Every structure is written in structure tokens, then in C-alpha cells.
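Here is a short briefing to read alongside the structure.

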Amino acid sequence: MDLLYIIGMVMLAAGCVFLFCRCYRQCRHIRVSNSVNNDIFRSMASYVMLVDPDFNVLKTNYYNMTGTTPKAVPPKVGNLLHCKNGEDAGTCGTHDLCADCPVRSAIAGAFRAKAGFSGIEAPMILYTSDDRTQSIECDVLISGNYIRLGGGGKPHMVLTVNDITAQKNTQRQLEKARLRAEEADRMKTLFLANTSHELRTPLNAIVGFSELLASDPTAEERQEYLRIIRTNNELLLQLVSDILDLSKIEAGELEYEYSDVELNTIMEEQEHLCRLRQPADSPTTISFHRKYPSCYLHTDRNRLSQVIANFLSNAVKFTARGSIDFGYDIRGREVRIYVSDTGTGIPEEVRGQLFKRFVKAGSHKQGIGIGLAISKSIVKALGGEIGVESEAGKGSTFWFTLPYEPK
């Protein structure tokens, strides 16, 4: 009997030792597994959060990634991430804009559907300072995995939050580049269409009336033919000059030579040239109004003359009768140069686009619509501003400013 008792006690002791060893190995395995899981959890490049249906963050690697101290009370998702809306309201979910928050909507919808979600992109504004004086706009990509802890336990959501601001910025830049490329292609097509048409018009006139000169016309006809050929020669030369200037601006090779120039002299030269091009019986008067005895500017004389000549040329095109007045005003440390006419004026819908390429105030007028765009580039390079004031049927005033140093 004693022998059986001893054998039973030995077997019981052996069983206890075996169970102890097994429990020890299982506990060690659990500790190692937890350690590995925690290391993986902490080393993830994304924020990972275990969230309950009330948006409380029960566990997260956020504190390890940011080096911050965990809070005693589980924070809401928005408070953990320092969402500006949630922080301003005090608690995530109580701000007016929280009702439209795509992150909250996705999490709430996943809990209702008892299913996960992925690929939710959302813009966010997050505070980057504890005193809430600094914030940053960013983009995040959020995914959620619906789980029940302990099998049939309470539902939870494992959220993965990735900062995709850099990717979105790259995507936006690529989209802008694509739109610029499409616009450049459209403008190239428009340029070729306008140029081919506008170059053909004066060339046809020159060729046609040159052939008529060979048919022994009368003296009066000869003078008229020569006048038409001369006018179209000037138009063709201007078109070619504009095209060359535009190509130089595109290549960044338009050169500027600065010197001290007297503005009254340039204005009088332009007045004289404009009047020479006018027919003798023209009902339009062109006048330079000299208000100052002298005005010296340190600028590019040729480019300044080019802009004024462009303004005067446009004024002549749109003023069948009436007057074209031009001059300048000294306003502190700048000079405002203007050309006013009593012509047809410019409709409001065209006025805002007028200084863009290939935009013309009147489609029936000659030109390819790049003169004002070139003028804007020149004025900007010379340190000034350009603009227009107009009313349909009552004329227009084109103006630009240049820096002025009183002497």
C-alpha cells in the first residue's frame, strides 16, 4: 500500500514538473511574441491605432514614433493626431466640421457595416505646437481593419494612418505640368493658325498689287498701288518682328540695353512717325501732350519705343475718327505713360484677357494678338506695370509705369 502511495506521489510530482515546464515555456513564448509584436508595432513607419466604437485610441505606436508621453485617459483619434478642428473644439467629434470629416465617417461606417475599409485619402490641418499657434496642412491615407478581440468580444478597429503629403504634392505638380503642356500645345496650334493667316494677308496684297504695277496703270492708280504695298510691307515687317521677339522671350534671350533717355524726345518721335503713316485726309488727330520740360529715365530706349508704338498702333486700328492723345505723368518715383483714344473701346469680357497671347480686341483687325503680350513682358522686365481702362463704344486708355529717379 505504501508502495502504491509512493508511486502515485512520484507520478503526481512528475506531472506537476511537466506542467510547470510547459507553462514556463508557453509564458516565455508569449513574452517573446509580445516583445516581437511590440518591436514591430513600434518600428512601423505608419501610425497604428486600436480604436473602439467611441473613437478612443486604446493602443498605438504614436507615442514611440513622436517621442511623446502617453496620456492617462485614452485620447480620441483627432486629439491624438492634433487635428485642428478637434483641438479647437476641445474633444474630437464636437467641432462643427467633424460631421463632414471623411476619417470619422469612414470609421463610423466601418463599425456599422462590421467590415474594414482601405484607401481613404483625406486632407487634414494638424497643430505642430503645444500652444496651438502653428499648424500644417497635410494629406493622409487611412485604412481600417474591423476585429473582435477575444473572438466574440467587443468590436474594435485597427487604423493605419500614412502621411502621403509628399506624394500628393508630387501628384499636384505633375498635374500642373500636364496642364501646362496641354496649354502650350494648344497655344502652339493657335499660334500657327493665326500666324499663317495673318502673314498670308499682307503677302497676298504685296504680290497682287506688284503684278498690277506691271500692267501699266495710270499715275493715280500707281500711287494707290504703291501706298497699299508700302502699308502691307510695314504690317509684314511688324508681324515678323513680333514673332522674333516672342521667340526670344520664350527662350529668355530678349536683350535690354539700359541708358539715360529723355522721354519727351521719344514721345515726339512716335508722334511724328504716327502722323507720317496717316493718310492725308484721316479724320483722326494724334497729339502728344507735353506737360514737363524734361524727364530722364534709365531704361532701354528701343524697348520703351516699341511699347509706345504698339499702343499707338492699336489706337489707330480702333479709332476710325476722333482723337488719339498720349503723354505721361510723373507720380513720385514712377512715370505713368498713357495712350488714350476715342475709338470703339473694348468689351469687358475681353479686357481681362487682353494681355494674354493670341487675344485680340477685334477678330476682324489685322495682327496675331501677341503685341500686347510682348509689351507686358517688356514692361515687367523694365520694372513697371501695365494695364488698360476702357468702355465699349467710348474709347480706351492703355498705360504702363516705369521706375523714375528725380534728378
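Predicted model: local features only at pLDDT ≥ 70, side-chain atom pairs only at ≥ 80, totals over all residues.

How many disulfides does the structure hold? The answer is zero.

**Cysteines**

- C98 takes part in no disulfide, and the nearest cysteine sulfur, that of C92, lies 5.4 Å away. A disulfide would need the two sulfur atoms within 2.5 Å.
- C98 is buried, with a relative accessible area of 9%.
- C274 also counts as buried, at 9% relative accessibility.

**Helix α5: length and faces**

- Helix α5 runs over residues 102-113, which makes 12 residues.
- The buried residues of α5 are V103, R104, A106, I107, A110 and F111. Viewed down the helix axis, the buried residues fall within an arc of 165°, so they line one face of α5.
- On the face turned away from that buried side, you will find the exposed residues R112 and A113.

**Helix α5: surroundings**

- The strands that the buried residues of α5 pack against are β1 (47-51), β3 (117-127), β4 (135-148) and β5 (155-163).
- Just after α5 comes K114, which takes a positive phi of about 55°.

Methods
Residues numbered from 1 in each chain as written. Heavy atoms only, no water. Helix = DSSP H or I, 4+ residues; strand = E, 2+ residues; numbered from the N terminus. Expected span 1.5 Å × (residues − 1). Buried < 20%, exposed > 50% of the residue type's maximum accessible area, 1.4 Å probe, protein only. Arc of directions from axis to C-beta. Contact = heavy atoms within 4.5 Å.
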